[in-house]
Amino acid sequence: MFGQMQDSPLLVSQLIEHAERLYPTKRIITKTVEGDWHIYTYADAAKRSRQLSQALISLGVKQDDVIGTLAWNTFRHFECWYGISGIGAVLHTINPRLFPEQLDYIINHAEDKYLFIDTTFVPLLEALQAKLSHVKGYVIMCDEANMPTTQLPNVLCYETLLSQQDGDFAWPELDERQASSICYTSGTTGNPKGVVYSHRSSLLHSWGITGKDITSLDSQSIMLPIVPMFHANAWGLVYACPMVGAELVFPGPHLDGASVSDMINRFKVDISAAVPTVWTMLLQHLRQSGETLESLNSVLIGGSAVPRSMIQAFDQDYNVEVWQAWGMTEMSPLGSLNRPLPQDSKLSYEEQLNIRSKQGRPCFGVQMKIVDDENHELPHDGKAFGRLLVKGPWIVSQYFKMEKSALEDDGWFDTGDVATIDATGNMQITDRSKDVIKSGGEWISSIDLENAAMGHPDVLEAAVIGVSHPKWEERPLLIIVPKNKNKVPDSEALLHFLADKVAKWWLPNGVEVVDEIPHTATGKINKVGLRETFKDYQFEEAIA
Ligand code: ADP
C-alpha cells in the first residue's frame, strides 16, 4: 500500500516565495563590489528575481540551459540563484580562483549559455572569452554608471536588463528532480568534476541544515556567509536563510579581517560561516585592533580541519562558540556538524576541546560508515580509522557527463577521507587519503600535527606533508608561517612544544619556515603544491 499524501514537487523557487510571504521585511544587506552598502528586503529580492527570470526568457534562455556566474556574495548573485533555477535553467556557480585553464574547461564542459559576472572578473573573462564556444553573452552585474569599458563581446548590463521587466511573473511548476544548479570540485588532481544538484536535493539539504541541533538558523538570526556562493553552494546558507526568515549580510569581495569585524559589529551579526583561513585573518585583526565581537554567538567553520587553538581563542577571548562542519561539494555540502552534547559540560575543558576538535555528528539524512581496505565496516570506538563512506538524498550519485556511477557497488560514496567515529557518532577526519603520511607501514595524520603546531603562540599557520625517507618510506615535514617575522620559533623549540601533544614517532623530521603557505581555490592548504615545492627535500637527520 502506498501513502496517499500530496506529491507536490520541492522547488527552489518556493524558498524565496515563502520568504516573500512570511518575512517580507527581513533584510538582505550587501557590501557591494563598489564598496557601498545596499540594503533591501526579501520582498524586494523576490520581485527582482522574477524580473531576472523574465529577462532570461527574453534572452531566449530555456529549461536546462546552463547559466554561469562568476560573482561574489551579493544581493545580485542571490537573485541569480532564484531567477535562474526558478525557470528550470541551471545555475552554475564558478570559482574565479581556479586556474584559467580550469575555468575554460568547466565553462565549456558545462556549456554555459550566458555568464553573469562581477566587474572584478571582467579582465579574467576577457583573457578567456575566445575559447568559450557556448557563451552567447556576458551580463555585467552592476548598473549603467559602473559599467566598465570592455573588449568582451555581447555585453549586457544587469540593472538595465532588470529595468526592462515588470516582475509580473509566476515561476513554473517543475519536476523536482530537474537540475537546479551545478558546482565543480576544485580538481586538485585531474580536471574538475561537475556535481549536479536537483531542486529536491537542494530543498532536502536546506531542511537538513536548518535543524536546531545543526545551524539553529531561524527568523532571529542574522547570518554573514563569508564562504563564497561559488564554494560548495555557500554551504547551503543561501537557501536555508529564506527558508527560515534569517537575515543575510553579504560581504561582497570584502573578506579581510577589518571588513569582517566591521560587518559583524555594524549589523549585529550573530552567526557566520567561513573556512579556517578567513578566521585566522579575523583573529589576527582583532588581536591587533583590540576590537570585540559582541553580537556574534557562533561561527560555522569547515572546508578544512579547525585548529584546536582557534576553537579556544574564539571561546575564551570572544565568547563565540565554534561549530566545526565537515562536508564536500559532492554532499551539497553538509555531512556533519559539531555541536556540544548536554553531557559534555560535565567534562574538563581540555576534554571538551578534544571533542570540539572533531568534525561532528552526521545530520539527519546523511548515513556514514568507516571501512577497511577489504570493505569491512570498522567499529565506532573513536580509534579504528578507515575510508569514510556516505549515503543520502543530497549526495552525488554520478558526476556531470560521466557514464560511470560515482558510487561503490553497494551504493555508498567514498569521500576520499580517512576517519574515526566514536561511540556518540562524532566523526574525526584523520586525513585526506592522499595526504596521510605513511611511515614504516603506519599512518601519521598530517591534520593532527598541523593542529598541534597551530597551538604554538608564534605560529600563524602550519602545514605538514610527507617527504620521502630512505628508511621509513615517508616522514613528516612541518612547514610554518610565523605570526611575527622577527620572532620565528626555532625548530627545536617547536619539536619540544609538540613532544607532549603527539606520539613520539610522529614528530616531524624537519621544520621549514616560509613567508606564506599556498592555498587552493577554496582556501585549503595546497598540499599538492607543497609536495611539489619540497619534492627534493632532504632531512638533516632522522629523529624517529
Ligand atoms: P574542494 O573543491 O576544495 O575539494 P570541497 O569542499 O568539496 O572542496 O572539499 C571537501 C573536502 O574538504 C573533504 O573531503 C575533506 O577532505 C575536506 N574537509 C571539509 N571540511 C573539513 C573539516 N572540517 N575538517 C577536515 N577536512 C575537511
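Author: Start with one residue pair. Arg 387 stands opposite Val 418 in S19. The model is a predicted one. S18 and S19 pair in the antiparallel sense, over four bridges. S18 covers residues 386–391, and it also pairs with S17, residues 367–371. That pairing is antiparallel too, with five bridges. Within it, Lys 369 has Leu 389 of S18 as its bridge partner. In general, strands of a sheet pair through backbone hydrogen bonds, either parallel or antiparallel.

Strand S19 (413–421) supplies at least two residues of the shell around the ligand, and so does strand S14 (321–327). S14 gives the most, with four residues. In total, 18 residues surround the ligand. The closest are Thr 329, Asp 417, Arg 432, Thr 522 and Lys 524. By class, the shell holds four nonpolar, 11 polar and three charged residues.

An oxygen atom of the ligand lies 2.6 Å from an N or O atom in the side chain of Thr 522. For Thr 329, a polar backbone atom is 2.7 Å from a ligand oxygen. The side chain of His 231 has an N or O atom 3.4 Å from an oxygen atom of the ligand. Taken alone, the ligand exposes 570 Å², and the protein buries 90% of that.

S14 also belongs to a sheet. This open sheet has nine strands, in the order S2-S1-S11-S10-S12-S13-S14-S15-S16, and its pairing is mixed. Its edge strands are S2 (37–41) and S16 (361–362), each pairing on one side only. At the S16 end, two bridges join S16 to S15 (residues 334–337), and the two strands run antiparallel. Ser 336 has Pro 362 in S16 as its bridge partner.

Helix H10 (residues 276–289) touches strand S12 (271–274) and strand S13 (298–301). The direction of H10 makes about 120 degrees with that of S12. Helix H2 (residues 42–58) lies across S1 (27–31), S2 and S11 (247–250). H2 runs at about 90 degrees to S2.

Two loops deserve a look. Pro 333 lies in the loop between S14 and S15. A cis peptide bond joins Ser 332 to Pro 333, with omega about 20 degrees. Trp 235 sits in the loop between strand S10 (222–225) and helix H8 (237–244). Trp 235 is not a glycine, yet its phi is positive, at about 55 degrees.

There is also an open sheet of seven strands. Its order is S7-S6-S5-S3-S4-S8-S9, again with mixed pairing. S7 (155–157) and S9 (194–198) stand at the edges with a single partner strand each, so one side of each is left without a neighbour in the sheet. From one strand to the next, the twist averages 25 degrees. Inside this sheet, S4 (residues 90–93) and S8 (residues 179–184) pair in the parallel sense, over three bridges. There, Thr 93 stands opposite Cys 183 in S8.

Back to the ligand site, to close. S14 and S19 each supply at least two shell residues. S14 is also part of the nine-stranded sheet, while S19 pairs with S18.

Terms used. Residues numbered from 1 in each chain as written. Predicted model: local features only at pLDDT ≥ 70, side-chain atom pairs only at ≥ 80, totals over all residues. Heavy atoms only, no water. Near = heavy atom within 4 Å. Polar contact = N/O pair within 3.5 Å; in protein donor to acceptor, adjacent residues only side chain to side chain. Areas by Shrake-Rupley, 256 points an atom, 1.4 Å probe, with all protein chains shown as cover. Nonpolar A, V, L, I, M, F, W, Y, C, P; charged D, E, K, R; others polar. Pairing = 2+ DSSP bridges. Contact = heavy atoms within 4.5 Å. Axes fitted to C-alpha atoms, helices over the stretch in contact; angles between N-to-C directions.
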